[in-house]
Amino acid sequence: MGILGWTYVFVGITFALYIFVAWKSRVSDTKGFYVAGMGVPPVANGMATAADWMSAASFISMAGLISFLGYPGAYYLMGWTGGYVLLALLLAPYLRKFGKYTVPDFVGDRYYSTAARLVAAACTIFVSYTYVCGQMRGVGVVFSRFLEVDINTGVIIGMCIVFIYAALGGMKGITWTQVCQYCVLITAYLIPAIAISMKVTGVPIPQIGFGSTIGAGPDTGKYLLDTLNVIAKDLGFVQYTATFATVNTNMLNVLCITFALMVGTAGLPHVIIRFYTVPGVRQARASAGWALLFIAILYTTAPAVAAFARYNMINTLEDKPYVERPQWYTNWQKPGLVAWVDKNGDGIIQYRPGPAFVGRPNFQVKDGKRVLGKYGQPLLNNKVTKNANELYVDRDIMVLASPEIGGLSAWVVGLVAAGGLAAALSTAAGLLLAVSSSISHDFYYRVINPQATEKQRVLVARIFIGLAIVLAGYFGIYPPAFVAQVVAFAFGLAASSIFPVILLGIFSKKATREGAITGMICGILFTGIYIIQTKFMGVGNWFLGITPEGIGTIGMIINLAVTLIVSSFTKAPPQEIQELVESVRIPRGSSEATDH
Amino acid sequence: MEKSREEYWRKNLRIMAWLLAVWAFVSYGLGIILVNPLNHIHLGGFPLGFWFAQQGSIYVFVLLILVYCKLMRKLDREYDVDE
């Protein structure tokens, strides 16, 4: 059986599994729909959180990103894992004790204000939605690359699957499918990683392998990272382990980005609501630990994959005649993930810093076929750049092509496709639930129709999850041009609005309604305006040279400062709110707090 | 009763502060601020600072949550606020 056959087999089996699991865990009440009946064991919640959190970007793109960044790639690694320490120590146990359904629920009750609830709900919806669009696109991309269907068809299939299990089972259905999806995606990630590690270094554990010596070829006996540094130096790249080498990776900026990603992670609503689903405070703490352990398995493997892939890529392509290119190159040239322009006409691939040409590859086509050059290479319409680099490599290839580079059989490629889909679908489902519960619970039930019956509320939640999926699918098919840029937005906003307001809500009895609302608004405005200025209006990074990815750090500090200052001038929170804060700090009684 | 709750909270804050100090020291300290001096030391093929940034800090994060769970479980029992 070929690659395509195996891919259909794995994707078919996993999809059938998800739907079966969702059917087994369908629900009919709001508690089941929003928080899975608060009966999820910590290990399962840890797995579900890990799948919820690790998106198509973590699975497909992260290793590639690190591969091109080298050392500074660490801000993704530390940022996206360190946030769980904050979640475990600062938020999860207390929010679980509070024990309601959504993030705006806590903000609205703690700050005794519908306005605060609505601001938090708007942030939740915005943050989650920016994320969802990327996931749906990811589903489409995986479908089109592996199953050779149209991207749009892929998005629609993905929409149907998510709709079935999210609308049917709500949080409960999503939780148990996410547990399955975690198992699928981690297996799919580890098998090629182990194989490549074996191939390059002979060490079966990638985490150790990338600090070991190379086992074969011209660099035998030398340390992999040293070799990468030498290669980088020879070709004119920044050395792989070099620190703070460029303007955007100076120390302050690396610090700010890491911190913004950590705080942003801890403030992401779809992650936070997962901690409402466990039976008690102790389980909330434990499940944060399990979640991070499960995430760490992938996150410590990714930098190893990054180093192996970079070595393999340069080794098999640089200074090699195009006609002797490896099979995986030909395979991934088809969808345009790699391309070559022979600038000096020598038929040999030269890989150097800088883009080889402007934009993504746009192949010349005549009579439905690609126009080929002297050496059989497809010719491009793109404007060629002046530098010496001839090779275009999409960063996603580092993971997508890894089974082929590692010389693994066709079924592993199928498994990787199923893993990519699991990562994208699990995150999309979690985000869509966060969006729909904010709309149906915080807007509809708490503000518009507080008399709604249990049945009406579940129905409204299902309707909104359906609408949210259709809208997400629309954005997946017609992606707004700025999808890549808005991810900075999602983290910046989560860091500068949701995280500080919850933090002070728990740790300061004196934080007032007025303080929280002004704080959130100031944080969002500063962060939002800075990102819009620097990303869309061409303004330079005017605040200490911090890039938009890291500005959430400053937004968070502004939010905290404004909230505390305004709180000190306004009337202290009412007695019952102070008692609420007191009770949130004590674990006992978390199961009583759930019935409301 | 009130007094012991206050004490429980103070102890909780102390545990948190210590663990967060380790969290910050490992990631921001060893992984970023001190990365250059640490890179002179090698752990096999890893420059040590690079290792902390891309591997070590993540392991420490997992351990921190584990320790937190254990310490808080003990504290909850000691002050009789567990479930």
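Of the 83 residues in chain B of this predicted model, 54% are buried, where buried means under 20% relative accessible area, exposed over 50% and partly exposed in between, with a 1.4 Å probe and protein chains only. Local features need pLDDT of at least 70, side-chain atom pairs count only at pLDDT 80 or more, and totals for chains, interfaces and linings use all residues. Residues are numbered from 1 along each chain as its sequence is written, chains are lettered from A and ligands numbered from 1 in the order in which they are written, and side-chain values use heavy atoms, with hydrogens and water left out.

Chain B holds three helices and two strands, arranged α-α-β-β-α from the N terminus on; helices (H or I, at least four residues) and strands (E, at least two) are DSSP runs, numbered from the N terminus. Its radius of gyration, taken over C-alpha atoms, is well over the value from the globule rule (2.2 Å times the number of residues to the power 0.38), so chain B is more spread out than a compact globule.

| Quantity for chain B | Value |
|---|---|
| Radius of gyration | 17 Å |
| Span of the C-alpha trace along its principal axes | about 55 × 20 × 15 Å |

In chain A, A:Ile586 lies in the segment after α22 (575-584) and is buried, with a relative accessible area of 4%. Leaving aside neighbours within four places in sequence, A:Ile586 is in contact (heavy atoms within 4.5 Å) with A:Lys97, B:Arg5, B:Tyr8 and B:Val81.
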